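This report describes one protein model for a reader who is new to structural analysis. Please view the sequence and the structure together while reading.

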Amino acid sequence: MSRHQGNDKSKPGSGRQGGFKKTSNSRGKAPIKKTPSKFTAKPEENKNNKTPKTASNSDEMRLNKYIANSGMCSRREADIYIQSGNVKVNGEVVTEMGYKVKLSDVIVFDGATITPEKKEYILLNKPKNFSTVGDDVKGDGNVLDLVRNATKAKIQPVGRMDKTTTGLLLFTNDTDMIRKFTTPNQRSSKLYQVSLDKNLKYEDLEKIAKGITIDDYRIYVEEVTYIENEPKSEVGVKMKTANVKIVRKIFEYFNYNVIKLDRVTFAGLTKKNLARGQWRFLTDQEIINLKNS
(Lines give C-alpha, C1' and ligand atoms only; values in the text may rest on other atoms or scores of the structure.)
Protein backbone atom coordinates (compact mmCIF):
# COMPACT_ATOMS: atom_id res chain seq x y z
CA MET A 1 0.00 0.00 0.00
CA SER A 2 1.39 3.40 -0.99
CA ARG A 3 1.23 6.52 1.17
CA HIS A 4 -1.16 8.13 -1.24
CA GLN A 5 -3.57 5.27 -0.87
CA GLY A 6 -3.62 5.88 2.91
CA ASN A 7 -5.08 9.34 2.37
CA ASP A 8 -8.40 8.00 1.17
CA LYS A 9 -10.85 9.31 3.75
CA SER A 10 -13.27 6.53 3.01
CA LYS A 11 -10.67 4.00 4.24
CA PRO A 12 -9.00 5.46 7.27
CA GLY A 13 -5.73 3.85 8.25
CA SER A 14 -3.21 4.30 10.95
CA GLY A 15 -1.42 7.57 11.62
CA ARG A 16 1.94 6.15 10.54
CA GLN A 17 0.58 5.38 7.12
CA GLY A 18 -0.67 8.93 6.67
CA GLY A 19 -4.28 7.91 7.16
CA PHE A 20 -6.92 9.71 9.21
CA LYS A 21 -7.46 8.90 12.89
CA LYS A 22 -10.70 7.42 14.10
CA THR A 23 -12.85 9.80 16.02
CA SER A 24 -11.97 9.38 19.72
CA ASN A 25 -14.65 8.77 22.34
CA SER A 26 -12.32 9.37 25.24
CA ARG A 27 -13.38 13.02 25.71
CA GLY A 28 -17.13 12.70 25.96
CA LYS A 29 -17.87 12.61 22.25
CA ALA A 30 -19.40 9.12 22.29
CA PRO A 31 -22.97 8.90 21.06
CA ILE A 32 -25.54 8.54 23.89
CA LYS A 33 -27.23 5.18 23.95
CA LYS A 34 -30.65 5.24 25.56
CA THR A 35 -31.26 2.00 27.42
CA PRO A 36 -34.64 1.34 28.96
CA SER A 37 -34.65 1.52 32.77
CA LYS A 38 -35.59 -1.65 34.61
CA PHE A 39 -37.97 0.52 36.67
CA THR A 40 -39.87 1.83 33.64
CA ALA A 41 -42.67 -0.28 32.29
CA LYS A 42 -42.95 -0.69 28.57
CA PRO A 43 -45.79 1.30 26.99
CA GLU A 44 -47.60 -1.86 25.92
CA GLU A 45 -47.37 -3.24 29.45
CA ASN A 46 -49.00 -0.08 30.88
CA LYS A 47 -51.90 -0.49 28.53
CA ASN A 48 -52.53 -4.15 29.08
CA ASN A 49 -51.67 -4.62 32.78
CA LYS A 50 -53.57 -1.84 34.55
CA THR A 51 -54.61 -2.59 38.13
CA PRO A 52 -58.37 -2.31 38.40
CA LYS A 53 -59.50 0.42 40.79
CA THR A 54 -61.45 -0.70 43.83
CA ALA A 55 -64.05 1.49 45.43
CA SER A 56 -62.97 2.62 48.91
CA ASN A 57 -65.38 2.09 51.76
CA SER A 58 -65.61 5.29 53.79
CA ASP A 59 -67.10 3.27 56.65
CA GLU A 60 -63.84 1.33 57.08
CA MET A 61 -60.39 2.28 58.33
CA ARG A 62 -57.23 0.56 59.45
CA LEU A 63 -57.27 -0.58 63.04
CA ASN A 64 -54.18 1.40 63.98
CA LYS A 65 -55.72 4.58 62.56
CA TYR A 66 -58.93 3.90 64.49
CA ILE A 67 -56.90 3.65 67.70
CA ALA A 68 -54.87 6.78 66.90
CA ASN A 69 -58.01 8.77 66.12
CA SER A 70 -59.41 7.81 69.50
CA GLY A 71 -56.51 9.67 71.11
CA MET A 72 -55.03 6.63 72.86
CA CYS A 73 -51.62 6.68 71.13
CA SER A 74 -49.88 7.09 67.77
CA ARG A 75 -50.34 4.67 64.85
CA ARG A 76 -46.88 3.22 65.38
CA GLU A 77 -47.59 2.62 69.06
CA ALA A 78 -50.98 1.15 68.14
CA ASP A 79 -49.23 -1.43 65.94
CA ILE A 80 -47.22 -2.56 68.97
CA TYR A 81 -50.39 -2.98 71.02
CA ILE A 82 -52.04 -4.90 68.17
CA GLN A 83 -49.09 -7.26 67.72
CA SER A 84 -48.96 -7.93 71.45
CA GLY A 85 -52.62 -9.03 71.48
CA ASN A 86 -53.97 -6.10 73.50
CA VAL A 87 -56.67 -5.11 70.99
CA LYS A 88 -60.04 -6.80 70.48
CA VAL A 89 -62.53 -6.28 67.67
CA ASN A 90 -66.07 -7.40 68.47
CA GLY A 91 -64.73 -9.57 71.28
CA GLU A 92 -61.96 -11.24 69.24
CA VAL A 93 -58.23 -10.54 69.62
CA VAL A 94 -56.74 -9.12 66.41
CA THR A 95 -52.97 -9.19 65.79
CA GLU A 96 -52.99 -8.74 62.01
CA MET A 97 -51.26 -5.62 60.70
CA GLY A 98 -53.41 -3.57 58.33
CA TYR A 99 -56.63 -5.09 59.64
CA LYS A 100 -59.62 -2.94 58.70
CA VAL A 101 -62.58 -2.24 60.94
CA LYS A 102 -65.94 -0.55 60.54
CA LEU A 103 -67.13 2.41 62.55
CA SER A 104 -69.91 0.20 63.90
CA ASP A 105 -67.43 -2.34 65.31
CA VAL A 106 -66.71 -2.49 69.03
CA ILE A 107 -63.00 -1.93 69.64
CA VAL A 108 -61.44 -2.65 73.03
CA PHE A 109 -57.95 -1.21 73.46
CA ASP A 110 -55.93 -2.44 76.42
CA GLY A 111 -59.16 -3.24 78.28
CA ALA A 112 -61.05 0.00 77.46
CA THR A 113 -63.73 0.48 74.80
CA ILE A 114 -62.71 3.27 72.43
CA THR A 115 -64.25 5.38 69.68
CA PRO A 116 -62.41 6.80 66.64
CA GLU A 117 -62.85 10.39 67.68
CA LYS A 118 -61.11 12.59 70.17
CA LYS A 119 -62.48 12.39 73.69
CA GLU A 120 -64.34 15.56 74.65
CA TYR A 121 -65.40 16.62 78.15
CA ILE A 122 -67.79 19.54 78.59
CA LEU A 123 -69.28 20.92 81.79
CA LEU A 124 -72.64 22.71 81.65
CA ASN A 125 -74.40 24.73 84.32
CA LYS A 126 -77.83 23.52 83.33
CA PRO A 127 -80.77 25.97 83.52
CA LYS A 128 -84.43 25.04 84.03
CA ASN A 129 -86.74 23.86 81.25
CA PHE A 130 -84.17 21.61 79.60
CA SER A 131 -84.29 17.83 79.81
CA THR A 132 -81.75 15.05 79.27
CA VAL A 133 -84.39 12.79 77.71
CA GLY A 134 -83.65 12.28 74.01
CA ASP A 135 -87.20 11.70 72.81
CA ASP A 136 -88.86 14.89 74.03
CA VAL A 137 -91.89 16.06 72.10
CA LYS A 138 -91.29 18.72 69.50
CA GLY A 139 -90.89 22.17 70.98
CA ASP A 140 -89.41 20.99 74.28
CA GLY A 141 -85.80 21.89 75.06
CA ASN A 142 -83.06 19.29 75.27
CA VAL A 143 -79.75 19.87 77.04
CA LEU A 144 -77.88 18.94 73.86
CA ASP A 145 -79.24 22.13 72.31
CA LEU A 146 -77.15 24.10 74.82
CA VAL A 147 -73.83 22.47 73.84
CA ARG A 148 -74.54 21.69 70.18
CA ASN A 149 -71.95 24.19 68.88
CA ALA A 150 -69.24 23.08 71.30
CA THR A 151 -68.02 20.07 69.31
CA LYS A 152 -68.81 17.78 66.40
CA ALA A 153 -68.21 14.73 68.57
CA LYS A 154 -71.21 12.62 69.54
CA ILE A 155 -71.34 13.61 73.18
CA GLN A 156 -74.07 12.69 75.63
CA PRO A 157 -74.95 13.75 79.17
CA VAL A 158 -73.60 11.75 82.09
CA GLY A 159 -76.73 10.73 83.97
CA ARG A 160 -80.18 12.24 83.75
CA MET A 161 -81.71 15.50 84.84
CA ASP A 162 -85.35 16.49 84.65
CA LYS A 163 -86.45 19.91 83.48
CA THR A 164 -86.78 21.45 86.92
CA THR A 165 -83.35 20.32 88.16
CA THR A 166 -80.46 22.73 87.61
CA GLY A 167 -76.73 22.71 88.10
CA LEU A 168 -73.69 20.85 86.88
CA LEU A 169 -74.08 18.36 84.08
CA LEU A 170 -71.14 16.65 82.39
CA PHE A 171 -71.11 15.75 78.68
CA THR A 172 -68.65 13.41 76.98
CA ASN A 173 -68.18 10.83 74.24
CA ASP A 174 -66.01 8.76 76.60
CA THR A 175 -68.16 5.67 77.15
CA ASP A 176 -65.98 4.45 80.00
CA MET A 177 -66.41 7.78 81.78
CA ILE A 178 -70.18 7.65 81.30
CA ARG A 179 -70.31 4.12 82.64
CA LYS A 180 -68.16 5.05 85.61
CA PHE A 181 -70.44 7.84 86.81
CA THR A 182 -73.75 6.10 86.17
CA THR A 183 -73.13 2.79 87.95
CA PRO A 184 -74.64 2.38 91.44
CA ASN A 185 -71.27 1.60 93.07
CA GLN A 186 -69.47 4.76 91.95
CA ARG A 187 -67.22 6.49 94.48
CA SER A 188 -67.31 10.17 93.50
CA SER A 189 -69.30 12.67 95.54
CA LYS A 190 -71.91 15.19 94.37
CA LEU A 191 -73.33 18.05 96.38
CA TYR A 192 -76.97 19.11 95.97
CA GLN A 193 -78.73 22.17 97.29
CA VAL A 194 -82.37 21.36 97.98
CA SER A 195 -85.15 23.92 98.48
CA LEU A 196 -88.18 22.47 100.28
CA ASP A 197 -91.74 23.73 100.61
CA LYS A 198 -91.31 23.87 104.39
CA ASN A 199 -88.61 23.71 107.04
CA LEU A 200 -86.90 20.35 107.43
CA LYS A 201 -87.43 18.98 110.92
CA TYR A 202 -84.28 18.20 112.80
CA GLU A 203 -85.44 14.65 113.59
CA ASP A 204 -86.01 14.04 109.88
CA LEU A 205 -82.56 15.39 109.12
CA GLU A 206 -81.09 12.91 111.62
CA LYS A 207 -83.00 10.01 110.04
CA ILE A 208 -81.72 10.93 106.61
CA ALA A 209 -78.17 11.13 107.97
CA LYS A 210 -78.41 7.59 109.39
CA GLY A 211 -79.77 6.14 106.15
CA ILE A 212 -83.30 5.18 105.11
CA THR A 213 -84.93 2.35 103.16
CA ILE A 214 -87.15 3.26 100.21
CA ASP A 215 -88.75 0.61 97.99
CA ASP A 216 -86.54 -2.07 99.55
CA TYR A 217 -83.38 -0.10 98.74
CA ARG A 218 -81.12 1.24 101.44
CA ILE A 219 -80.12 4.83 100.72
CA TYR A 220 -77.15 6.44 102.42
CA VAL A 221 -75.99 10.05 102.28
CA GLU A 222 -72.47 11.20 103.10
CA GLU A 223 -73.72 14.39 104.71
CA VAL A 224 -76.94 16.35 105.14
CA THR A 225 -76.96 19.83 106.69
CA TYR A 226 -78.92 23.04 106.89
CA ILE A 227 -77.39 25.71 104.70
CA GLU A 228 -75.81 28.44 106.80
CA ASN A 229 -77.67 31.77 107.03
CA GLU A 230 -80.62 30.33 105.11
CA PRO A 231 -84.09 29.14 106.25
CA LYS A 232 -84.33 25.55 107.48
CA SER A 233 -86.02 24.73 104.19
CA GLU A 234 -82.65 25.11 102.44
CA VAL A 235 -80.69 21.88 102.80
CA GLY A 236 -77.39 20.60 101.49
CA VAL A 237 -77.06 16.90 100.64
CA LYS A 238 -73.79 15.19 99.76
CA MET A 239 -74.15 11.84 98.02
CA LYS A 240 -72.33 9.60 95.57
CA THR A 241 -75.33 9.10 93.31
CA ALA A 242 -75.72 11.03 90.05
CA ASN A 243 -79.41 10.14 89.94
CA VAL A 244 -81.29 13.24 91.01
CA LYS A 245 -84.51 11.22 91.37
CA ILE A 246 -83.06 9.56 94.45
CA VAL A 247 -82.40 12.96 96.03
CA ARG A 248 -86.03 13.92 95.46
CA LYS A 249 -87.32 10.60 96.82
CA ILE A 250 -85.46 11.10 100.10
CA PHE A 251 -87.46 14.21 100.98
CA GLU A 252 -90.71 13.01 99.43
CA TYR A 253 -90.45 9.99 101.74
CA PHE A 254 -90.82 12.42 104.66
CA ASN A 255 -93.66 14.34 102.94
CA TYR A 256 -91.63 17.31 101.76
CA ASN A 257 -92.05 18.77 98.30
CA VAL A 258 -88.83 19.68 96.50
CA ILE A 259 -89.24 23.17 95.04
CA LYS A 260 -85.70 23.50 93.67
CA LEU A 261 -82.87 21.05 93.20
CA ASP A 262 -79.44 22.30 92.16
CA ARG A 263 -76.29 20.23 91.71
CA VAL A 264 -73.52 22.40 93.14
CA THR A 265 -70.52 20.09 92.70
CA PHE A 266 -69.85 17.02 90.59
CA ALA A 267 -66.86 14.78 91.40
CA GLY A 268 -64.74 17.76 92.41
CA LEU A 269 -65.99 20.06 89.63
CA THR A 270 -67.66 23.29 90.72
CA LYS A 271 -69.76 26.07 89.18
CA LYS A 272 -67.02 28.66 89.73
CA ASN A 273 -67.05 31.24 86.91
CA LEU A 274 -69.74 29.25 85.10
CA ALA A 275 -73.01 31.15 84.89
CA ARG A 276 -76.35 29.40 84.45
CA GLY A 277 -76.74 28.15 80.88
CA GLN A 278 -73.01 28.40 80.09
CA TRP A 279 -70.57 25.58 79.38
CA ARG A 280 -66.82 25.07 79.21
CA PHE A 281 -64.31 22.36 78.30
CA LEU A 282 -62.60 20.59 81.16
CA THR A 283 -58.89 21.16 81.67
CA ASP A 284 -56.42 18.30 81.26
CA GLN A 285 -55.94 18.17 85.02
CA GLU A 286 -59.70 18.00 85.63
CA ILE A 287 -59.97 15.09 83.22
CA ILE A 288 -57.17 13.27 85.03
CA ASN A 289 -58.88 13.93 88.36
CA LEU A 290 -62.19 12.53 87.05
CA LYS A 291 -60.55 9.36 85.79
CA ASN A 292 -58.86 8.85 89.15
CA SER A 293 -61.87 9.75 91.30
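How do the residues of the lining of the second largest pocket divide into nonpolar, polar and charged? The lining of this pocket comprises seven nonpolar, three polar and three charged residues. The model is a predicted one.

## Overall organisation

The protein chain contains eight helices and 19 strands. Of its 293 residues, 34% count as buried. When contacts between residues at least 6 apart in sequence are considered, 64% of them join residues at least 24 apart.

The largest pocket holds about 610 Å³ of space. Of the 21 residues that line the largest pocket, P184, I219, T241, N243 and I246 are the closest to its centre. Helix 5 (175–182), strand 14 (217–219) and helix 7 each give two or more residues to this lining.

In soluble globular proteins, nonpolar side chains tend to be buried together. In this model, the largest nonpolar core has 32 residues, and the members that touch the most others are F171, V194, L196, V237, I250 and F251. Several elements give two or more residues to this core, among them strand 11 (165–172), strand 12 (190–196), helix 6 (202–210), helix 7 (244–253) and strand 17 (258–266). Helix 7 makes the greatest contribution, with four residues.

Apart from residues up to four places away in sequence, I250 touches I208, I212, I214, I219, V221 and M239. There is also a second, separate core of 16 residues, which includes M177, A242, A267 and I287.

V258 is found in strand 17. Is this residue buried or exposed? V258 counts as buried because its relative accessible area of 14% is under 20%. Leaving aside neighbours within four places in sequence, V258 is in contact with V194, S195, L196, R248 and F251. The C-alpha atoms of V258 and T164 are separated by 10.0 Å, although these two residues are 94 residues apart along the chain.

K88 is found in strand 2 (residues 87–89). With a relative accessibility of 38%, K88 counts as partly exposed. Not counting residues up to four places away in sequence, K88 touches V93, V106, I107 and V108. The C-alpha atoms of K88 and I107, which are 19 residues apart along the chain, are separated by 5.8 Å.

## Aromatic pairs

A pair of aromatic rings is described by the distance of the centres and the angle of the planes. How many aromatic pairs does a search of the whole structure find? The search finds four. One of them joins Y253 and F254 in an edge-to-face arrangement, with 5.1 Å from centre to centre and 85° between the planes. Y253 is partly exposed, at 44% relative accessible area, whereas F254 counts as buried, at 14% relative accessibility.

W279 and F281 form another edge-to-face pair, with 5.3 Å from centre to centre and 85° between the planes. W279 is partly exposed, with a relative accessible area of 31%. F281 is partly exposed as well, with a relative accessible area of 36%.

## Positive phi values in loops

Most residues other than glycine have a negative phi. N129 has a positive phi, near 70°. This residue, N129, is found in the loop between strand 7 and strand 8 (130–131). N129 counts as exposed because its relative accessible area of 53% is over 50%.

N273 has a positive phi too, near 60°. Where is N273 placed? N273 is in the loop between strand 18 (269–270) and strand 19 (279–281). At 72% relative accessibility, N273 counts as exposed.

Methods: Residues are numbered from 1 along each chain as its sequence is written. This is a predicted model: local features need pLDDT of at least 70, side-chain atom pairs count only at pLDDT 80 or more; totals for chains, interfaces and linings use all residues. Side-chain values use heavy atoms; hydrogens and water are left out. A nonpolar core is a set of buried Ala, Val, Leu, Ile, Met, Phe, Trp, Tyr and Cys residues joined through side-chain atoms within 4.5 Å. Buried means under 20% relative accessible area, exposed over 50%, partly exposed in between (1.4 Å probe, protein chains only). Contact means heavy atoms within 4.5 Å. On a 1 Å grid over the protein atoms alone, a cavity is a set of points where a 1.4 Å probe fits but cannot get out, and a pocket is an open set with protein on both sides within 12 Å along at least five of seven lines; lining residues have an atom within 4 Å of a point. Grid points are joined across faces, edges and corners, and a volume is the space filled by probe spheres set on the points. Ala, Val, Leu, Ile, Met, Phe, Trp, Tyr, Cys and Pro count as nonpolar, Asp, Glu, Lys and Arg as charged, and the others, Gly among them, as polar. Rings of Phe, Tyr and Trp (its six-membered ring) pair if their centres lie within 6.5 Å; planes under 30 degrees apart count as stacked, over 60 as edge-to-face and the rest as tilted.
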